[in-house]
Amino acid sequence: MLPLFLKKNTKSFEQSFYIRKFTVQHTYDTWHNHAELEFMHIIKGSGTRFIGDSIEAFNNGDLVLVGPNLPHVWRSDRIYYENLPEVQVEIVLTQFIRDFAGGDFLNLPEMHGVKDLLDDAIRGIQILGKTRHIVSNKLISLTAMEGGEKLMEFLQILVFISKTKEYRKLSSMGFMDSYQSKGADRINKVQDFIMNNFTEDITLKKAADIANMNETAFCRFFKSTTLKTFTQFLNEVRVGYACKLLLHENMNIAGVGYESGFKNISYFNRVFKNNLGITPQQYQKKHLLAETSETKQPIN
(Lines give C-alpha, C1' and ligand atoms only; values in the text may rest on other atoms or scores of the structure.)
Protein backbone atom coordinates (compact mmCIF):
# COMPACT_ATOMS: atom_id res chain seq x y z
CA MET A 1 0.00 0.00 0.00
CA LEU A 2 1.03 3.63 -0.44
CA PRO A 3 2.09 5.57 2.64
CA LEU A 4 -0.93 5.88 4.91
CA PHE A 5 -2.56 9.29 4.39
CA LEU A 6 -3.63 10.70 7.74
CA LYS A 7 -6.27 13.42 7.87
CA LYS A 8 -5.57 15.91 10.65
CA ASN A 9 -7.64 18.61 12.32
CA THR A 10 -5.05 21.26 13.03
CA LYS A 11 -7.19 24.31 12.33
CA SER A 12 -10.56 24.92 14.01
CA PHE A 13 -12.56 27.58 15.83
CA GLU A 14 -10.36 26.97 18.88
CA GLN A 15 -6.89 26.86 17.28
CA SER A 16 -4.99 27.72 14.11
CA PHE A 17 -2.40 24.98 14.61
CA TYR A 18 -1.90 21.89 16.75
CA ILE A 19 0.83 21.35 19.35
CA ARG A 20 1.12 18.77 22.11
CA LYS A 21 3.81 17.40 24.39
CA PHE A 22 3.40 13.75 25.34
CA THR A 23 5.13 10.58 26.47
CA VAL A 24 4.58 7.29 24.63
CA GLN A 25 6.05 3.80 24.69
CA HIS A 26 7.40 4.23 21.16
CA THR A 27 6.97 6.54 18.17
CA TYR A 28 4.12 6.13 15.68
CA ASP A 29 5.71 3.52 13.42
CA THR A 30 3.55 3.47 10.28
CA TRP A 31 4.96 4.93 7.05
CA HIS A 32 2.51 7.77 6.36
CA ASN A 33 1.95 11.26 5.03
CA HIS A 34 -0.54 14.10 5.48
CA ALA A 35 -1.36 17.51 4.02
CA GLU A 36 -0.07 19.35 7.10
CA LEU A 37 3.50 20.41 7.83
CA GLU A 38 4.87 18.81 10.98
CA PHE A 39 7.53 19.65 13.54
CA MET A 40 8.62 16.42 15.21
CA HIS A 41 10.80 17.14 18.22
CA ILE A 42 12.20 14.07 19.99
CA ILE A 43 13.00 15.28 23.49
CA LYS A 44 13.97 11.79 24.57
CA GLY A 45 14.22 8.69 22.41
CA SER A 46 16.26 6.94 19.74
CA GLY A 47 15.71 4.96 16.58
CA THR A 48 15.77 5.40 12.81
CA ARG A 49 14.14 8.28 10.95
CA PHE A 50 12.83 7.88 7.38
CA ILE A 51 11.98 11.15 5.57
CA GLY A 52 11.30 10.51 1.90
CA ASP A 53 14.46 8.73 0.78
CA SER A 54 16.54 10.00 3.73
CA ILE A 55 17.45 7.31 6.26
CA GLU A 56 19.23 8.37 9.45
CA ALA A 57 19.46 7.54 13.14
CA PHE A 58 17.71 9.88 15.57
CA ASN A 59 18.48 10.53 19.22
CA ASN A 60 17.60 12.89 22.05
CA GLY A 61 16.95 16.42 20.79
CA ASP A 62 16.24 15.54 17.15
CA LEU A 63 14.13 18.29 15.54
CA VAL A 64 12.74 17.99 12.01
CA LEU A 65 10.17 19.93 9.98
CA VAL A 66 8.37 17.69 7.47
CA GLY A 67 6.60 19.28 4.52
CA PRO A 68 3.09 18.46 3.24
CA ASN A 69 2.49 15.01 1.72
CA LEU A 70 6.09 13.89 2.30
CA PRO A 71 6.08 10.24 3.48
CA HIS A 72 7.85 9.78 6.80
CA VAL A 73 8.19 7.64 9.88
CA TRP A 74 10.23 7.70 13.10
CA ARG A 75 10.81 4.06 14.06
CA SER A 76 11.94 3.59 17.66
CA ASP A 77 14.70 1.15 18.58
CA ARG A 78 13.61 -2.35 19.57
CA ILE A 79 14.05 -1.78 23.29
CA TYR A 80 11.06 0.61 23.21
CA TYR A 81 8.83 -2.32 22.23
CA GLU A 82 9.73 -4.36 25.31
CA ASN A 83 7.17 -2.53 27.51
CA LEU A 84 9.75 -1.36 30.00
CA PRO A 85 8.23 1.47 32.08
CA GLU A 86 11.57 3.26 32.35
CA VAL A 87 12.11 3.26 28.56
CA GLN A 88 9.73 5.74 26.92
CA VAL A 89 9.75 8.43 24.24
CA GLU A 90 9.07 12.10 24.98
CA ILE A 91 7.84 14.16 22.04
CA VAL A 92 6.61 17.63 21.15
CA LEU A 93 4.48 17.36 18.01
CA THR A 94 3.39 20.45 16.09
CA GLN A 95 1.19 20.30 12.98
CA PHE A 96 -0.15 23.12 10.83
CA ILE A 97 -1.39 23.83 7.33
CA ARG A 98 0.63 26.16 5.13
CA ASP A 99 -1.97 28.96 5.25
CA PHE A 100 -2.78 28.57 8.97
CA ALA A 101 -2.39 32.36 9.39
CA GLY A 102 -4.46 33.24 6.32
CA GLY A 103 -4.22 32.68 2.58
CA ASP A 104 -2.24 35.83 1.78
CA PHE A 105 -0.15 35.96 4.96
CA LEU A 106 2.96 34.37 3.45
CA ASN A 107 2.82 36.81 0.54
CA LEU A 108 3.53 39.75 2.84
CA PRO A 109 7.03 41.20 2.25
CA GLU A 110 8.00 40.52 5.87
CA MET A 111 7.18 36.82 5.51
CA HIS A 112 9.27 35.95 2.46
CA GLY A 113 11.85 34.22 4.66
CA VAL A 114 9.20 32.02 6.28
CA LYS A 115 7.76 31.22 2.87
CA ASP A 116 11.19 30.06 1.71
CA LEU A 117 11.52 27.96 4.87
CA LEU A 118 8.23 26.18 4.23
CA ASP A 119 9.24 25.63 0.61
CA ASP A 120 12.45 23.95 1.79
CA ALA A 121 10.40 21.78 4.17
CA ILE A 122 8.91 20.01 1.15
CA ARG A 123 12.07 17.86 1.29
CA GLY A 124 12.10 17.70 5.09
CA ILE A 125 14.63 19.76 7.05
CA GLN A 126 16.60 18.99 10.21
CA ILE A 127 17.14 21.96 12.53
CA LEU A 128 20.74 22.13 13.73
CA GLY A 129 23.12 23.68 16.25
CA LYS A 130 22.23 26.52 18.55
CA THR A 131 18.98 27.09 16.65
CA ARG A 132 17.85 23.59 17.61
CA HIS A 133 18.45 24.25 21.31
CA ILE A 134 16.60 27.55 21.24
CA VAL A 135 13.65 26.25 19.21
CA SER A 136 13.41 23.19 21.47
CA ASN A 137 12.91 25.40 24.52
CA LYS A 138 10.44 27.59 22.66
CA LEU A 139 8.33 24.64 21.49
CA ILE A 140 8.19 23.17 24.99
CA SER A 141 7.11 26.56 26.39
CA LEU A 142 4.57 26.90 23.58
CA THR A 143 2.64 23.85 24.78
CA ALA A 144 1.58 25.80 27.90
CA MET A 145 0.50 28.98 26.09
CA GLU A 146 -2.94 29.99 24.88
CA GLY A 147 -4.61 32.50 22.59
CA GLY A 148 -2.77 35.26 20.79
CA GLU A 149 0.41 34.75 22.80
CA LYS A 150 0.60 31.17 21.53
CA LEU A 151 0.10 32.20 17.89
CA MET A 152 2.64 35.02 18.03
CA GLU A 153 5.26 32.80 19.65
CA PHE A 154 4.81 30.15 16.96
CA LEU A 155 5.23 32.77 14.24
CA GLN A 156 8.39 33.97 15.98
CA ILE A 157 9.74 30.41 15.92
CA LEU A 158 9.23 30.19 12.15
CA VAL A 159 10.80 33.62 11.61
CA PHE A 160 13.75 32.70 13.83
CA ILE A 161 14.53 29.50 11.91
CA SER A 162 14.15 31.30 8.57
CA LYS A 163 16.64 33.95 9.67
CA THR A 164 19.31 31.64 11.09
CA LYS A 165 18.96 29.11 8.23
CA GLU A 166 20.70 26.66 10.54
CA TYR A 167 19.16 23.57 8.98
CA ARG A 168 19.77 21.02 6.25
CA LYS A 169 17.48 19.38 3.71
CA LEU A 170 16.93 15.65 4.04
CA SER A 171 15.12 14.03 1.12
CA SER A 172 16.35 14.27 -2.48
CA MET A 173 14.61 16.56 -4.96
CA GLY A 174 13.48 13.73 -7.21
CA PHE A 175 12.00 11.50 -4.52
CA MET A 176 8.32 12.48 -4.64
CA ASP A 177 7.89 12.08 -8.40
CA SER A 178 9.56 8.68 -8.44
CA TYR A 179 7.87 7.41 -5.28
CA GLN A 180 4.40 8.15 -6.56
CA SER A 181 4.93 5.93 -9.58
CA LYS A 182 2.67 2.93 -10.15
CA GLY A 183 3.33 -0.04 -7.91
CA ALA A 184 4.90 1.73 -4.94
CA ASP A 185 2.79 -0.50 -2.69
CA ARG A 186 5.19 -3.36 -3.45
CA ILE A 187 8.16 -1.27 -2.41
CA ASN A 188 6.44 -0.33 0.83
CA LYS A 189 6.09 -3.99 1.75
CA VAL A 190 9.78 -4.51 1.13
CA GLN A 191 10.76 -1.37 3.06
CA ASP A 192 8.64 -2.42 6.01
CA PHE A 193 10.28 -5.86 5.95
CA ILE A 194 13.75 -4.28 5.88
CA MET A 195 12.97 -1.87 8.73
CA ASN A 196 11.91 -4.78 10.93
CA ASN A 197 14.64 -7.24 9.97
CA PHE A 198 17.72 -5.26 8.87
CA THR A 199 19.94 -6.80 11.57
CA GLU A 200 19.32 -10.25 10.07
CA ASP A 201 20.59 -11.76 6.82
CA ILE A 202 18.23 -10.26 4.20
CA THR A 203 18.77 -11.63 0.70
CA LEU A 204 17.77 -10.09 -2.60
CA LYS A 205 15.68 -13.17 -3.34
CA LYS A 206 13.69 -12.77 -0.11
CA ALA A 207 12.97 -9.12 -0.90
CA ALA A 208 11.94 -9.97 -4.46
CA ASP A 209 9.63 -12.72 -3.17
CA ILE A 210 7.90 -10.22 -0.85
CA ALA A 211 7.32 -7.95 -3.85
CA ASN A 212 6.13 -11.00 -5.85
CA MET A 213 8.68 -10.33 -8.59
CA ASN A 214 11.76 -12.05 -10.01
CA GLU A 215 15.10 -10.67 -8.90
CA THR A 216 15.98 -8.87 -12.14
CA ALA A 217 12.61 -7.12 -12.42
CA PHE A 218 12.63 -6.30 -8.72
CA CYS A 219 16.06 -4.61 -8.86
CA ARG A 220 15.00 -2.47 -11.81
CA PHE A 221 11.67 -1.60 -10.21
CA PHE A 222 13.10 -0.79 -6.77
CA LYS A 223 15.70 1.56 -8.28
CA SER A 224 13.19 3.39 -10.48
CA THR A 225 10.77 3.85 -7.58
CA THR A 226 13.08 4.77 -4.68
CA LEU A 227 16.10 6.18 -6.61
CA LYS A 228 18.27 3.66 -4.75
CA THR A 229 19.29 0.07 -5.33
CA PHE A 230 18.02 -2.53 -2.90
CA THR A 231 21.52 -2.93 -1.44
CA GLN A 232 21.93 0.84 -1.02
CA PHE A 233 18.64 1.11 0.86
CA LEU A 234 19.43 -1.85 3.12
CA ASN A 235 22.93 -0.56 3.86
CA GLU A 236 21.67 2.95 4.65
CA VAL A 237 19.25 1.54 7.22
CA ARG A 238 22.07 -0.47 8.77
CA VAL A 239 24.49 2.48 8.75
CA GLY A 240 21.85 4.69 10.38
CA TYR A 241 21.49 2.17 13.19
CA ALA A 242 25.26 1.80 13.46
CA CYS A 243 25.57 5.58 13.98
CA LYS A 244 23.29 5.32 16.99
CA LEU A 245 25.27 2.43 18.45
CA LEU A 246 28.58 4.21 17.93
CA LEU A 247 27.42 7.16 20.04
CA HIS A 248 25.26 5.57 22.68
CA GLU A 249 26.44 2.02 23.27
CA ASN A 250 29.60 0.70 24.92
CA MET A 251 30.61 -1.44 21.95
CA ASN A 252 33.70 -1.80 19.78
CA ILE A 253 33.59 -1.12 16.03
CA ALA A 254 33.32 -4.79 15.08
CA GLY A 255 30.45 -5.30 17.54
CA VAL A 256 28.60 -2.27 16.15
CA GLY A 257 28.93 -3.60 12.62
CA TYR A 258 27.70 -7.04 13.59
CA GLU A 259 24.72 -5.73 15.57
CA SER A 260 23.77 -3.51 12.63
CA GLY A 261 23.56 -6.44 10.22
CA PHE A 262 27.08 -6.40 8.73
CA LYS A 263 28.72 -9.79 9.21
CA ASN A 264 32.08 -8.66 7.78
CA ILE A 265 33.99 -5.84 9.49
CA SER A 266 35.88 -4.81 6.34
CA TYR A 267 32.62 -4.51 4.40
CA PHE A 268 31.07 -2.53 7.26
CA ASN A 269 33.96 -0.05 7.28
CA ARG A 270 33.82 0.33 3.50
CA VAL A 271 30.06 0.85 3.34
CA PHE A 272 30.09 3.26 6.27
CA LYS A 273 32.80 5.40 4.66
CA ASN A 274 31.08 5.32 1.27
CA ASN A 275 27.87 6.59 2.89
CA LEU A 276 29.26 9.20 5.30
CA GLY A 277 32.73 9.97 3.98
CA ILE A 278 34.49 8.93 7.21
CA THR A 279 35.19 5.66 9.00
CA PRO A 280 33.08 4.46 11.96
CA GLN A 281 35.94 5.29 14.34
CA GLN A 282 36.28 8.83 12.91
CA TYR A 283 32.52 9.31 13.16
CA GLN A 284 32.52 8.23 16.78
CA LYS A 285 35.34 10.57 17.76
CA LYS A 286 33.97 13.51 15.79
CA HIS A 287 30.45 13.39 17.19
CA LEU A 288 31.41 12.61 20.76
CA LEU A 289 33.73 15.63 20.70
CA ALA A 290 30.94 17.76 19.18
CA GLU A 291 28.49 16.69 21.90
CA THR A 292 31.03 17.51 24.60
CA SER A 293 31.65 20.93 23.06
CA GLU A 294 27.92 21.69 22.84
CA THR A 295 27.33 20.92 26.50
CA LYS A 296 30.04 23.40 27.48
CA GLN A 297 28.56 26.28 25.46
CA PRO A 298 26.00 28.55 27.18
CA ILE A 299 22.63 28.75 25.47
CA ASN A 300 20.99 32.19 25.40
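In what order do the 6 strands of the open sheet stand? In this predicted model, where local features need pLDDT of at least 70, side-chain atom pairs count only at pLDDT 80 or more and totals for chains, interfaces and linings use all residues, the order is β2-β9-β4-β7-β10-β11, with antiparallel pairing. Residues are numbered from 1 along each chain as its sequence is written, and side-chain values use heavy atoms, with hydrogens and water left out. Strands (E, at least two residues) and helices (H or I, at least four) are DSSP runs numbered from the N terminus, and two strands pair if DSSP finds at least two bridges between them.

The edges of the sheet belong to β2 (18–24) and β11 (167–169); each has a single partner strand, so one side of each lacks a neighbour in the sheet. On average, neighbouring strands are turned by 20 degrees against each other, direction ignored. Strand β10 (residues 125–127) is joined to β11 by 3 bridges, and the two run antiparallel. Here I125 lies opposite K169 of β11.

L170 counts as buried because its relative accessibility is 11%, where buried means under 20% relative accessible area, exposed over 50% and partly exposed in between (1.4 Å probe, protein chains only). Beyond residues up to four places away in sequence, L170 touches R49, I51, S54, E56, V64, R123, G124, I125 and Q126, contact meaning heavy atoms within 4.5 Å. The C-alpha atoms of L170 and F50 are separated by 9.4 Å, although the two residues are 120 apart along the chain.

Turning to the helices, α2 (residues 129–142) and α3 (residues 147–164) pack at about 170 degrees with axes 10 Å apart; axes are lines fitted to C-alpha atoms, for helices over the stretch in contact, and angles run from 0 to 180 degrees between N-to-C directions. This makes α2 roughly antiparallel to α3, a label for angles over 145 degrees. In α2, T131, I134, V135, K138, L139 and L142 meet K150, E153, F154, I157, F160, I161 and T164 in α3.

The largest nonpolar core has 54 residues, of which F50, W74, V190, I194, F218, F230 and F272 touch the most other members. Such a core is a set of buried Ala, Val, Leu, Ile, Met, Phe, Trp, Tyr and Cys residues joined through side-chain atoms within 4.5 Å. Helix α8 (residues 230–248) gives the largest share, 11 residues. Another core, of 27 residues, lies apart from it and includes L63, V92, F154 and I161.

Definitions and conventions
Angles under 35 degrees count as roughly parallel, over 145 as roughly antiparallel, 65 to 115 as roughly perpendicular and the rest as oblique.
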